[in-house]
Amino acid sequence: MTTPLHIGFIPLVDAAALIVATDKGFAAAEGLDVMLVREVSWSNVRDKLNIGLFDAAHLLAPVAIASSLGLGHVKVPIAAPFNLGLNGNAITVSPALHAALMEEIDGDRFDPMATSRALARVVAKRRKSGAEPLTFGMTFPFSTHNYQLRFWMAAGGVDPDEDVQLVVLPPPYMVDSLANGHVDAFCVGAPWNSIAVDLGVGHILHFVSDILLSAVEKVLAVRQSWSEKHAAVVAALVRAHLRAAEFIEQPENRPEVARILAQPERLGVEASVIQRTLDGRLKISPDGTMRESGRYLLVGREAAARPDPGQAAWLYAQMVRWGQTPYRPEALKAAMAVFRPDLYDAAAGRPTDTSNAIGAFAGPPFDPNDVPGHLAAFKIGRWKP
Amino acid sequence: MSAESSPKIVIVDESPIRAAILEEGLREAGYTDVVHISEMQSLLSRIYALDPEIIVIDLENPSRDVLEQMFQVSRAVRRPIAMFVDQSDAASIQASVEAGVSAYIVDGLKKERMKPILDLCVSRFNAFSKLQDELDRTKHALEERKVIDRAKGILMKVKGLTEEEAYVLMRSTAMREKKKIGEIAQSILTASELLK
């Protein structure tokens, strides 16, 4: 007997494990009959998961936490038994902002502290000349993109709420908005950074792995109540995704993976653009400059798929830092409980105790046991002890 | 309904027909203060300028995520909240998501005032979907008609059949192969294209 499941996703490369698990038959081999439903907004994915139209979903890790805490929306506890990806985002800037940053930069252009300080100088100059504040696009209030942009610019002295504007933009509108000057930069996942570079309207300034060594990006999310009632299905889902992640991480399988993701009803973009992301070899400038990184997007390798409650704590700390919620120890605990390494280990059948430390380029190492102490180390933020 | 009791409603929808159907329904029900936004650029600043009490948006619209930002902006005088915040009415939430519409209301607006508006949106959205389905079916039938006519012409020419005989041949083939006559007609067109 097969179990029919409806799973929602947003057309992004980090939905790879989900799409491959379904389209390569790994889910079917586990007795699951998965129907993937492509969505247009994170709000839709969240709501349809919350009310049960979806059994599971490709979800922004911070949305899983916000949902569980009832931040900004209905409170529905979520369980995340599998990380669909670590990293995978990039910051892309307009040619004009890129030129201004490169003029101001003092140091290596891939060093986020150097670019952040350069940004602070560009911002100060613009203010002096009476120019409009710079505008940065990101994908959702509770998104890794929002926190990654803020973390980066605040390190160099730019207050993301006072000195620049941060606006939510749906990913498909990012490239157009950069081209027509609606935004000066954006932080988004693949394939949108590469598309901006290919069209000559943007330069990739940073891979997020420059800013945070390992940052959980999307999770496979289910309602916590549902996971309790369907423990065997959750385990089957995790196993199917593990096999998919292993398949994706084999370099010789990448062309096939890129073709699967490129299908019109999946991502609907060129396979070559997708493969660049999977390989971590990206064209970063319209002039053809390439950059390679072994940490661009991790789908399963280096234990990337195993949920790490410490990562959830870091995301909760960002919500506190930027004033989305006051600090409460019990909320921190609830946030950490969203990430379920126990469900992952039970399904994988091999206990692991690897964790992926966030590895931020600025500030002290993150300590989930002392969030207020950690936040006190940062000058810019909305949180007051 | 007096102007005072009619809340300002903004409809965010890129489909002009659906927005018109909704707007008409709202006006008929006495809601006179309705504005339609079809342009998604600078959506948030337009909404702030209009300062509505209720925002209705279709779920096919990626800009729904833009609206979520309203809950974050401390500058906004009136803080909008998602209508889904009230968990007591699961059935109406389900109905609205299934109909493909979502609504946001300004904090403080009474739930009793929102309910009839949401119900109306749901029924108008469902009516629009039905209309759309009918339109799609009609279009499809028209296209199939054209394909059958062209296939008939080919059979008449190649096999020297009358129009009636050509049609009967296609129909009996369709029945024998358990296919639709449109599919048989399409295969004839494809084959004749290949054999040209």
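Begin in this predicted model by selecting residues 3–9 and 56–60 of chain A, which are strands S1 and S3, and which pair in the parallel sense over 2 bridges. Within this pair, Gly8(A) has Ala57(A) of S3(A) as its bridge partner, while Ile7(A) stands opposite Ala56(A) of S3(A).

Next, colour the whole sheet to which these strands belong: in chain A, 6 strands form an open, mixed sheet in the order S2-S1-S3-S10-S4-S13. Strand S2 (32–38) and strand S13 (297–298) of chain A stand at the edges with a single partner strand each, so one side of each is left without a neighbour in the sheet.

Return to S3(A) and show its side chains. In a regular strand the side chains alternate between the two faces of the sheet. Here Ala56(A), His58(A) and Leu60(A) lie on one side and Ala57(A) and Leu59(A) on the other, and all are buried. Because 5 of the 5 residues of S3(A) are buried, the strand is largely enclosed by the rest of the structure. S3(A) also pairs with S10(A), in the antiparallel sense and over 5 bridges, and there Leu60(A) has Lys218(A) as its bridge partner.

Finally, move to chain B, where the domain assignment gives domain 1 (3–134) and domain 2 (137–194), with C-alpha centres 47 Å apart. Select residues 8–52 of chain B, listed by UniProt in an unreviewed entry as "domain: Rhodanese"; the end C-alpha atoms of this span lie 5 Å apart, and the span is 47% helix and 18% strand.

Methods. Residues numbered from 1 in each chain as written. Chains lettered and ligands numbered in written order. Predicted model: local features only at pLDDT ≥ 70, side-chain atom pairs only at ≥ 80, totals over all residues. UniProt positions renumbered as here; feature names shortened; annotations may be inferred. Helix = DSSP H or I, 4+ residues; strand = E, 2+ residues; numbered from the N terminus. Pairing = 2+ DSSP bridges. Domains from an automatic or database assignment. Buried ≥ 20, exposed ≤ 12 C-beta atoms within 10 Å, placed from the backbone.
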